[in-house]
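Here's a quick briefing to go with the model on your screen. Take a look at the fold first, then read on.

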Amino acid sequence: METKINCAEACVNGCVLGDQCPNREYVKQASDFMETTSLDQMLEIAEAARLKKLSEPTQWVIPDEI
């Protein structure tokens with residue numbers, strides 16, 4: 001039996017499914033990234049992403065009902 005949950009809401013304080021989690025494969029990737037990447041490199045990556053976001057043109061969202 002496969003349980004469908006919204007991990008973004010249910011797992012805020014940790015995974016509620018444990019070994020049954022469908023996103024389990026990403027835990028190893030994230031752990032490896034944190035172990036092999038220095039904090040300075042992570043900050044550089046975050047700064048580059050922030051600057052990229054700032055350089056993009058503004059996107060206006062107009063609601064259907066005004």
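What follows runs from the overall shape down to single side chains.

Keep in mind that this is a predicted model. The protein chain has three helices and zero strands, so if you trace the sequence you get the plain pattern α-α-α, going by DSSP runs. The chain's radius of gyration is 18 Å, whereas a compact globule of 66 residues would come in near 11 Å.

**Overall shape and surface**

- Along the principal axes, the C-alpha atoms take up a box of roughly 45 × 45 × 20 Å.
- How much of the chain is buried? Buried residues account for 5% of the 66 residues.

**Cysteines**

- How many disulfides are there? The count is zero, given that a pair of cysteine sulfur atoms has to sit within 2.5 Å to qualify.
- Cys 11 is in no disulfide, and its nearest cysteine sulfur belongs to Cys 7, 4.3 Å away.
- Cys 11 is buried, at a relative accessible area of 18%; that puts it under the 20% cut-off.
- Cys 21 is in no disulfide either; here the nearest cysteine sulfur is that of Cys 15, at 3.7 Å.
- Cys 21 also counts as buried, with a relative accessible area of 15%.

**Salt bridges**

- As a bit of background, side chains of opposite charge can pair when their charged atoms come close.
- The structure has two salt bridges.
- One of them joins the side chains of Asp 32 and Lys 28, with 3.3 Å from N to O.
- Why can Asp 32 and Lys 28 line up along helix H2? They are four residues apart in that helix (residues 25-36), so about one helical turn separates them.
- Asp 32 is partly exposed at 31% relative accessibility, while Lys 28 is exposed at 56%.
- Another salt bridge links Arg 50 and Glu 47 through their side chains, at 2.8 Å from N to O.
- Arg 50 and Glu 47 are both in helix H3, three residues apart, which is about one turn of the helix.
- Both ends of this pair are partly exposed: Arg 50 has 43% relative accessibility and Glu 47 has 33%.

**Nonpolar patch**

- Which residues form a nonpolar patch on the surface? Phe 33, Met 34 and Ile 45 do, and together they have about 310 Å² of accessible area.
- Ile 45 sits in helix H3, which covers residues 39-55.

- Where is Thr 58? Look in the segment after H3.
- Is Thr 58 buried or exposed? Thr 58 is exposed, at 64% relative accessibility.
- Thr 58 and Ala 46 are twelve residues apart in sequence, and their C-alpha atoms are 20 Å apart in space.

Technical notes
Residues numbered from 1 in each chain as written. Predicted model: local features only at pLDDT ≥ 70, side-chain atom pairs only at ≥ 80, totals over all residues. Heavy atoms only, no water. Buried < 20%, exposed > 50% of the residue type's maximum accessible area, 1.4 Å probe, protein only. Patch = residues over 30% accessible without salt bridge, like charges linked within 9 Å, V, L, I, M, F, W, Y side chains within 5 Å. Areas by Shrake-Rupley, 256 points an atom, 1.4 Å probe, with all protein chains shown as cover. Salt bridge = Lys/Arg side-chain N within 4 Å of Asp/Glu carboxyl O. Helix = DSSP H or I, 4+ residues; strand = E, 2+ residues; numbered from the N terminus. Rg over C-alpha atoms; globule rule 2.2 N^0.38 Å.
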